[in-house]
Amino acid sequence: MSPAEELPPPSHPMAVARRVLPDWQDTDGRLLCRRWRGSWMRWTGTAWRELDEQQLRATLYKRLEHAVFTGGTDKQGAPELHDWAPTKQKISNLLDALGAVVLLPTEVDAPAWIDGTDRSEPEASPIVACTNGLLRIRDRALLPHGPGFFNLVSVPFPYDPHATAPTWERFLAQVWPDNPEAIAALQEWFGYVLSGRTDQQKILLMVGPSRSGKGTIARVLKMLVGKENLAGPTLAGLGTNFGLSTLVGKPLAVISDARLSGNDNSQVVERLLTISGEDTIDIDRKYRQPWTGKLPTRLMILSNELPYFGDSSGVIARRFIVLNMTVSWLGKEDPTLIDRLAAEMPGIINWALDGLARLETTGRITEPSSSREAVTTMQDTASPTSAFLRERCTTGPTCSVPVDTLWAVWREWAEDNGVKAVGTKQMFGRNLLSVVPQLSRTRPRDAYGRQVATYNGITLKQSHPHQPES
């Protein structure tokens with residue numbers, strides 16, 4: 001029987017942590033376990049994955065089960081050994097100390113190099129992790145895997161520079177026979193997801209009838225990122241107490257058959273804006289400590305119709321890249337298509353990487369002209385005030401209109417357009433301010449010396465009969 005390992009006493013958890021640390025390092029001394037944004041992360045060989053704290057605790061209990069430490073002396077004055085005897089409190093203290101030793105700063109956003117080396121050009125190029133190495137997009141060089149690259153996304157397929165995807169490209173040409181812009185936008189979105197970037201602050205929305213290809217496209221992207229990188233929430237579920245917990249550490253969330261009731265959905269809108277806007281958020285998790293940080297999740301929504309989002313500012317509509325699909329294969333489905341596409345995954349990776357390279361050049365995802373009308377419709381549905389301003393008003397620093405005049409025109413327009421929630425004059429003013437931030441309100445005197453409440457920064461279009469004479 002091997003002698004028991006002697007460690008510092010439990011009362012010095014940091015000293016114990018330093019002794020245990022080699023278990024969390026490779027042969028070159030590089031850390032394989034890090035504490036990041038309230039979670040434990042473990043290097044898997046191709047990417048970093050969240051590690052459940054119970055697994056860590058179990059590992060430490062086994063590691064310290066037979067350990068001893070020196071404490072005091074016996075009757076003869078010799079040092080006395082005591083069992084380390086791990087307990088819940090001792091392990092918790094040790095985990096806190098280990099977390100301090102391996103802490104990765106909260107401001108580090110994946111993907112990022114964390115090994116301290118100078119990543120000058122061309123290393124600054126986006127990196128996509130494949131099974132056979134780290135692919136540098138700018139020159140398609142394949143670098144070796146290593147824990148010095150902090151990435152949450154790893155493509156479960158090898159990079160093959162000669163692979164092609166003719167079945168995939170033929171399928172997309174059938175989905176959008178006359179809309180190459182939609183195919184380009186999808187190509188850039190695939191590359192964007194694989195890169196791990198979140199800077200575009202966009203949500204992809206695919207709208208079309210049943211069997212129009214939405215599900216097939218989503219399944220291909222799911223295969224590309226791997227099931228461990230995927231979340232599948234519902235749209236309504238995002239507004240619930242624990243609705244965001246499944247997104248922690250997930251670079252892609254596919255929301256299928258998106259549906260929202262006619263009830264207030266302001267919480268869903270707020271969370272969609274927070275996730276896509278790279279904002280810090282507190283997330284409640286069942287039986288665990290709340291998580292605080294920026295979610296790495298890109299959102300992809302599939303729907304048979306344009307979803308309704310109540311947002312007085314109309315900002316949510318402008319977050320979407322909308323891909324309209326009009327062709328349906330209902331009753332004419334090809335049951336072999338998914339298997340044939342799965343065989344082309346290395347080629348689809350190359351197709352997506354071409355989209356990422358184009359995105360690097362242009363700086364933004366292509367917005368198909370066919371999607372602009374859909375975005376406008378969503379904006380008008382979410383914010384009737386936005387539609388009213390576009391149809392009846394002009395904005396600018398020299399514009400002004402009496403409050404009562406604009407209020408009367410709004411009520412008339414709302415009635416003509418079937419707007420149910422006309423609201424109060426004060427509510428209308430609040431909604432106006434959310435759409436026209438430069439709006440101000442003053443009370444100048446008219447020709448008779450009376451004070452007239454007036455909006456500055458907005459006026460009615462000249463063609464409107466209520467437009468006051470200058």
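Author: In this predicted model, a cavity is a set of grid points where a 1.4 Å probe fits but cannot get out. The structure holds three cavities of 30 Å³ or more.

Reader: What is the volume of the largest cavity, and which residues are the closest to its centre?

Author: The volume of the largest cavity is about 90 Å³. It is lined by 13 residues, and P111, L152, V153, S195 and G196 are the closest to the centre.

Reader: How is the lining of the largest cavity divided by class?

Author: There are nine nonpolar, three polar and one charged residues in that lining.

Reader: What makes Y192 and K202 lining residues of the second largest cavity?

Author: A lining residue has an atom within 4 Å of a point of the cavity. Y192 and K202 are listed in the lining of the second largest cavity, together with T198, Q201, I203, I275, S276, T297, R298 and L299, so each of them meets that cut-off. About 50 Å³ of space lies in this cavity. By class, the lining has four nonpolar, four polar and two charged residues.

Reader: Which helices supply the lining of the largest pocket, and which of them gives the most?

Author: At least two residues each come from α4 (166–175), α6 (214–225) and α8 (337–342). The most come from α6, which gives six residues. The lining as a whole has eight nonpolar, nine polar and 10 charged residues.

Reader: What makes β7 and β9 edge strands?

Author: The open sheet has three strands in the order β7-β8-β9, with antiparallel pairing. Both β7 (127–130) and β9 (141–143) pair on one side only, and they are the edge strands. From one strand to the next, the twist averages 30°.

Reader: Why are β18 and β19 placed at the edges of their sheet?

Author: Another open sheet of three strands runs in the order β18-β20-β19, again with antiparallel pairing. Both β18 (393–402) and β19 (440–442) have a single partner strand, so one side of each is left without a neighbour in the sheet. Neighbouring strands here are turned by 70° against each other on average, direction ignored.

Reader: How do you know that β19 and β20 pair?

Author: The requirement is at least two bridges, and β19 pairs with strand β20 (residues 454–460) over three bridges in the antiparallel sense. The two are therefore a pair by that criterion. Here S440 stands opposite N456 in β20.

Reader: Which helix lies across β18 and β20, and at what angle does the helix run to β18?

Author: Helix α11 (residues 384–392) lies across these two strands and runs at about 95° to β18.

Methods: Residues are numbered from 1 along each chain as its sequence is written. This is a predicted model: local features need pLDDT of at least 70, side-chain atom pairs count only at pLDDT 80 or more; totals for chains, interfaces and linings use all residues. Side-chain values use heavy atoms; hydrogens and water are left out. On a 1 Å grid over the protein atoms alone, a cavity is a set of points where a 1.4 Å probe fits but cannot get out, and a pocket is an open set with protein on both sides within 12 Å along at least five of seven lines; lining residues have an atom within 4 Å of a point. Grid points are joined across faces, edges and corners, and a volume is the space filled by probe spheres set on the points. Ala, Val, Leu, Ile, Met, Phe, Trp, Tyr, Cys and Pro count as nonpolar, Asp, Glu, Lys and Arg as charged, and the others, Gly among them, as polar. Helices (H or I, at least four residues) and strands (E, at least two) are DSSP runs, numbered from the N terminus. Axes are lines fitted to C-alpha atoms, for helices over the stretch in contact, and angles run from 0 to 180 degrees between N-to-C directions. Contact means heavy atoms within 4.5 Å.
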